[in-house]
Each structure stands twice: as C-alpha cells, then as structure tokens.
Amino acid sequence: MKVPKDIEARRKSINPNKSMLIVADAGCGKTEQMARRYLSLLANRERPEGIVAITFTKKAASEMKERIHKYLKMGTSETKPSENHLIETWELAKSAIAADYENSWGIINNPQKIKIQTIDSFCIDLVNNNILLNSYGCQISALEDTDKKYLNAAKEYIEKCEDIETISEFVAMFDNNTKKAIRKISELLPKREQFKKQLEDIDLNTLQENYKTALQYELKEFANSLGEQIINDIKHVIRDIFESIENAAKTTYTSKEVHLFSKYNENKTTTNLVLFCNIIISADRKSFRKNYPSKLQINKHNASLIDAILCETELTLNDAIRIGSIPLEKMSKKTSRELEIITKVTSGAIKELEKTFKESLELDFNEITLEAIKVVQSDAIATSHITDLLIDEFQDTSASHHNLIKSILSWWNKDENKTLCAVGDPKQSLYLFRAASLGHFINVQQNGYENIDIETLRLSVNFRSYKSVIDWVNNVFITAFPKNDNISQGAVKHSISESFNTKEIDSVSITSTLCEGDKVKNNKKEAILVADKVEQLLKDVPQETVSILIRARSFVKEIDTELKKRKIFYSGVDLVKLNEKQTIIDLINLTKFIAEKQDLISFTGLLRAPFIGIRQKDLHLIIGSLTDMTQNASITERICDSIDTLEISSDARKRLNKLLNIVNKSKRTYGSIKFSYYLEHVWHELDGDQFAGELQEADLRAFFKTISTCEDGNTISDWELLETNLDKLYMQPDANADQRVQIMTLHKSKGAEMDNVIIPGFHKPGSKSDSLILKWIDHPDPKIDSVLIAPNVNSDFESYKTHISTSNRNKEILEMVRLIYVGATRAKKRLCIYFSLTEEIIKLMSKPTSTSMLGLIQNEIHSDIKIDSETETYLNEIIKSNESNEKSDVNLWRYELNEH
Ligand SMILES: Nc1ncnc2c1ncn2[C@@H]1O[C@H](COP(=O)(O)OP(=O)(O)OP(=O)(O)O)[C@@H](O)[C@H]1O
C-alpha cells in the first residue's frame, strides 16, 4: 500500500492527548484529517458534547457533520472499505462506535451530540447559555437586517446629537449632504470591532504615541531582517545624499526632497530606512532599481552599494513603497481635526447602535463575538464544558476570533487533558474584507499560546491533483509568494507540496488573445475561446467536471452568451446581478414613477415596459409634451393635465389611463400601509408578473424586500441607498443546469475541487479599495496594542492616510496572489488560463496592470504562455518597427512571449 510521505505528521495529528496547529497545503485532505481527529477524540472522551468543532461557513459545518455521520455508520460495519485511505478512518470510526456503545450515547441516532458549528453559532451559544454572565441578563438573537440597523443608528445620532458644532463640521465634509454623511458613518459600523478600541477616549496625543510605537515596530521588524552590515551601508548612502543636498543650491531639489532628507540622523536607523526606501522608489518605477534622478547625485560607488543591498535583501518594490511611506512627522493640524471629528461621530453612532442592541436584544455578529469574549473572560464556567476544540480554516480567523480562542485557552492549564487542534493553510487566507488576520495565524505558528503546549505539524502531500498540476503550482508560487513570513504584513511564503498522484499530462495551458479595438474589459474573442474549451472538454471527457473561475462577475456576460450559443447551460451561484435584468429595470422605473421621483428617463423606460407597452411614435408625443411643461408639477399631474389633448393613438391613451387609474386607486388603498406593498400591488394590477421572464419568485421577493429596507411612508427614503442595496442582489441559480459545468468566483471556489479549471480574464485589473472615511491598520502582534487610524475624506495627499493605504494595498496584493493559488489548486487534472491584450497595450509596450492576475505572476508564467497566431503576427510587426526605429525599449516580457 502506498503511504504518503507526511504519514508521521498525519499520525501525530490524531493523537487525542496533544494540542496542535496543522498547517496543510491545498488538497492535503484537511477535512479528512479533521474528521479522523474527531473520531479519535470520540473514542477517548467521556462526553461527545465536550468536543467542539468550529468552521467558518454553514456549508463547511454541515459537510463536516455529514462526513462524520457517514464515517460513524461505516464504523458499525465489519467490512473493510475498499479504498486504502479509508481503512484507517474505518478503524478510528470503529473505536468511536465502541465508545458510543460503552457509554450509551446513541450518537448515530442523536446527531445533535456532534458539536460542529460555525464560529458565529458557537458565539451565540456561549452568550445564550450563560445569561447570568452576559451583559443582557437574557437570551439574545442574531440580527438579520444589519444594514438598516447601521443606517438608523447613524441617522439617530446625527439628527439628535447636541454637539451641533461637531455635527456641522462633519456634515460639511460631505458638502452638507446629510444623507451622505449618515451613510458614510453607517458604512463604518459593521467594521467597528477593528478600530473601536482606538476610539475609546480618543486623545490625539495618545494616538500620536501609538503611531510612533506601531511604526517603530514595523521598521524594527524590517531592520531586523536586514543585518548590521546592510544597515551601515544604508547609513552611508543616505549620509552622502544628505550632504549633497545640504551643499547644493536649494533650487536644485524640490522642497519635498529637502524636507525629507532634513530628517537624516546618523543614529536613527529606522528614519534612515524610510529615506532609503524613498530613494529606491524615486527611481523610474518601471525600471525599479535603475535610473535614479540625476540630481540625487548617486555616485557609482553608492549605486553599486544600493544594488548590492537590494540583491541581498530582495526588497520588493511594494515593500519599498510601504516602508518609504511611513510618516516621519506628526499628523498635520487639519488632519488631526478631521480625525477628531470623524472619530467623535463614529463613537456616538456606535453607542447609539449598542443602545438599539440592548433594546431589541438583536445583535450583529460583531457584537455577539465581543459579548462571547466578555462571557468567556468573566468566568471559567462558561467554557468548562469544552474538553477539545477543533478549528477549521484557521487562516481566516479575525482578531476578535483569535481573542475569543485565547480567552478560552486562558482557563486551561497544562496538566488538564484538554486539547486544541487548529487546521489551516495560510496560503489560502482570502478574507481580508472580513478582517481575517493572517498575521495572527503566523504569530501562533511562531509563538504558540501561553497556556498550552502546541506543536505545529505540516501536511504537504496533495491527494487532489495530478503531478503535472502540482509541479506547475510549486514552480510558480515559490517565487510569486513573498520570500519570508511577515506578521505585520500578513505575508506567507510558499511551501512545496508533494503529489500523491503521479499522473502527468499536459495539464496547464495559458492562452493569450488579441482584443478587437480597445475593449479589453469585455473581450468577446476570449469568451469564444473559453466556451470552445468547455465544449471540447465536454466532448472529450464527458464524465469530468469543468469549472470557470472568475475574479469578478463583470466577466460573466460574454461567457454566458457564448455558452448559451453552444447550448451549454451551466450552474452558478451569485453570478448575474438582478438589477441588470429587464424585469427589475422595469420595476425600478415603476418604483420611481409611483414614488414621484421626477425622472423622465425612467418614466420613458416604464412606458416601454411590456406591461404598459406604448409604441415608439406615441412615446415621443407623450414625452415631448412633458418636457414642454412646467417643472413644478409632478409627472403624474402633468400627464393627467395633458392626456386629453395629446394627439396619441387610442391604444396608447387606454394604456396610459390604465396606468394612472391603477396607481391612484392603489395609493388610496395601500399607500398608507407600506410603500413596498403599494408598489407590488400596482405591479400585479398592471400584470407585470406575467412578464417576469426568467426571474423566479425568490428573485422578486428579494427585490420587494430590498424596497422595504429603504421605504418611508409612501415613498423611498434614500434613493442612493436603494441603488446600493439593489446592486447587492443576484439571480437565483438555474435549477435545470448541466451540473458538470459551473461558473463561480475564485473566492467561492475555496474548498471545492473540479477535474478541469478554467480561469479567464487574467489581464483584468483588481477592484479598487473601498472608500470608507476612516482608514486603519490593525497590528496582529499583541505587543503593539494599537490600531493606526487616519481620516479619508478628501483626496489630499496626506502622509498618514497614504501610509495606511499603501500598507493595506500591500496586504491586498498579497491576498490576490493567494487567490490565484486557491484557483489553481482546485484543479485535479487540467488548468486553463486565458488573458487578453489590446493592440494599444502592445503598441505602448506597457506592462500588464500590476493588480491583474497576469501582472502579479507575469514573471513566473511567461514561459508557459501560448499566443494565438493573430497576436504573434501583430507582435512581430511591432517588434520589427521598433528595431528599425532603434527604439528597442520593448518590454522584456513581450520579447519572451514572442520567442516562445
Ligand atoms: N488520506 C487520504 N488519502 C487519499 N485521498 C485523500 C486523503 N485525504 C483526503 N483525500 C482526498 O483528497 C482530496 C482533497 O481533500 P480535501 O478537500 O479534504 O483537501 P483540503 O486540504 O481541504 O483541500 P483545500 O484546502 O484545497 O480545500 C479529496 O478528493 C479527498 O477525498
């Protein structure tokens, strides 16, 4: 029997008496290993309820539950399973079943004894099972409509706050648009746990001190990675530049340069590091490490010293930008004031929100987690029932979750037979937007926990993919991932996986195509190639699954059209936005009309809707008559006034009168109840539901529910909010789809596996960071108990904001590389990557956008790229014309493309 090379670690990982952190690469069977450990614990514990397994999604929890249930059933049989790897699982299950009989648990018929739950439901249980310890003295429940609650809290605070000066200054930041100001504050509320601690008793001096400590920490971490010799060399380079600036006429340098280098201090290593990074990034960014501005007078000696430092440290451009952006001075008065105002208002809104939680006893999950931490910390009794904790997807735990786990462990002592087993793959951490903190994971990996002995085990044998896929992944990610782990940046290096499956086929293909014109965003040609590939795979290997993994949903449209042309009906979740569907567009137009939003364009759209059906000629006459009339009256009033005199067809008049009658009648009946009822009633009366097309009942329910979140009396309270909320809705999946073919986002593909994976749109730039009015960085190291925070309300260049943005952007870029890793490692057999180039990009010889997947791993994959004949011809032409012009500065990667 073939045994995986990491068998020793696998055996250790089921030891019921030891705590461990299992760091396992993709496809190494984490779920299987967790299930085995669970069985092993069952066989050795007195109560199954003491073993608590925590996952991050409901889907993962139910899959794990199902798997354990299946194995326990398998354990009741005396027949050995036929698959080799299940024999050990079967043996463990048999021991668990023996313990079950012995203790009369009846676990197979009482699956509720198997405690596998999401972290959120684990927290609810902690709060609700300890009402004497929680702040509410009773049971609480999870809030469903969180957005509405956030908005109401922000609104309530801003409208009722007695500190008029602060509020007016705050609203003035948004051009006195109160609705916008309210929305901006409400956007911060779901993330409050990440910075709330910093807002308590905000005092700018303390804040400055916190900044200093945190930035010094970051710089020291960087300095420690360099070594003394390099630090010395850096000092010399900086001193020379400083002296040349000192001695030169002041007009030679910009005031920014003079100002920056005036900070030089022989004894301040950290300051000099910041200056050094500024020199590096002052070089032309496209040719990083070359072409320093001549006025900096970097002599040959210093230039080669810099080169040597860069080679030795392997400092990346992104690191240099981040370190170079660390502010060396205090926050400006203007920024401090903005920060003070925003933090005051945010604190007020948070208090208001907490008040509503108390009144309604409905809490959002942030609050539930914080409450669970309080409960756990207040008394050992709250968690004394837990003998063993198993935590899946440990790389996605947030700072609060880590705090919760630490609080539980704080009651444990080393002599007790209690265990923790956390399993995760740091290379698959994808939840920055949900505050996942990879830094905390690395911290546990490096420093463990105080109260328990925890061993780190590594699983490296991949059972999922063919050897050829794994070899490709190893080759690419060994350099695409950072060289070293870094706690504050949440950076992890690659770890080499070994393949269990020795099959090698031509597994990986990377195909580029040339776009027509400049439409790189929606390249039809690429969609055709993708659909052709799917069709071919379905024909060649009909028993295999094919998944198209997309980074953004905006790419689905073209692929969807091409697949449907080939009669391939795929399954997919959360792909097509509801507000792009004509039925919903018509419904939005109807909403605007009956809420009397004076919007002629949407009224025109409404008249064209199939349930109204006014023809083009009549439409012109109707709309023409409206544009001529006074703007003071509403569209309804204007139409009512003019309808009899309009020279439209009798059919159009009949249809228009029907609309007006139904709207007026329904308003009398339903307008006083709820706008969403009124709207729905009008739509039904107009027979709108007869034209719902491909929409399902659930899609329509989602639409009307969203309307109800933004209604106020018989109108809509905030149109912008309605637009934002509607934009979050997706169509329900097609129930009759071919289950072999799927389209899903790369994020959603986590945890899944498919025979063939196609990743299109590799050239597409990543999404922009959000526009929250505060920016912050959380430091995972407990020694730095602070959060850096800065205002983000205007487009000014501001050093603190810039540093935080740069730092966060760096984390996002690291996560984007991890996203590619996740996508690539889903493939069992084949991985097909597609990207597009425009003629314009080739002509300008520009590099692919650095936030595109292509830009992120371009160096690693260029030798695998196949270009189509059209691109090849085009490239050759460009290169020829460049050679004849003797302008041979063609981007290197294109030459290599051509050579291939
Ligand atoms: N011990 C084992 N021997 C053979 N095959 C295994 C073993 N454990 C798991 N597998 C198989 O390997 C594949 C990958 O397993 P699984 O999905 O649990 O990995 P994973 O570590 O959770 O992957 P990822 O992190 O990429 O989602 C599955 O098809 C599973 O059935």
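A crossing of two helices is left-handed if the near helix is turned anticlockwise from the far one by less than a right angle, and right-handed if clockwise. This is a predicted model, in which local features need pLDDT of at least 70 and side-chain atom pairs count only at pLDDT 80 or more, while totals for chains, interfaces and linings use all residues. Residues are numbered from 1 along each chain as its sequence is written.

**Exercise 1.** Describe how helix 23 packs against helix 28.

*Solution.* Begin with the elements, which are DSSP runs (H or I, at least four residues) numbered from the N terminus: helix 23 spans residues 582–594 and helix 28 spans residues 675–685. Next take the geometry: the two pack at an angle of about 120 degrees with their axes 10 Å apart, and helix 23 passes helix 28 in a right-handed crossing. Then list the contact (C-beta atoms, placed from the backbone, within 7 Å), to which helix 23 gives Leu 587, Leu 590, Thr 591 and Ile 594, and helix 28 gives Tyr 678, Leu 679, Val 682 and Trp 683.

**Exercise 2.** Work out where the ligand lies and which residues come nearest.

*Solution.* Finally, because domain 1 (7–130 + 364–462) and domain 4 (508–572 + 736–766 + 808–899) both give residues to the shell, the ligand lies between them; the domain bounds come from an automatic or database domain assignment.

**Exercise 3.** State the ipTM and pTM of the complex.

*Solution.* The predictor gives an ipTM of 0.98 and a pTM of 0.84.

Conventions
A residue is near a molecule or strand if its C-beta atom, placed from the backbone, lies within 6 Å of it. Axes are lines fitted to C-alpha atoms, for helices over the stretch in contact, and angles run from 0 to 180 degrees between N-to-C directions. Two residues are in contact if their C-beta atoms, placed from the backbone, lie within 7 Å.
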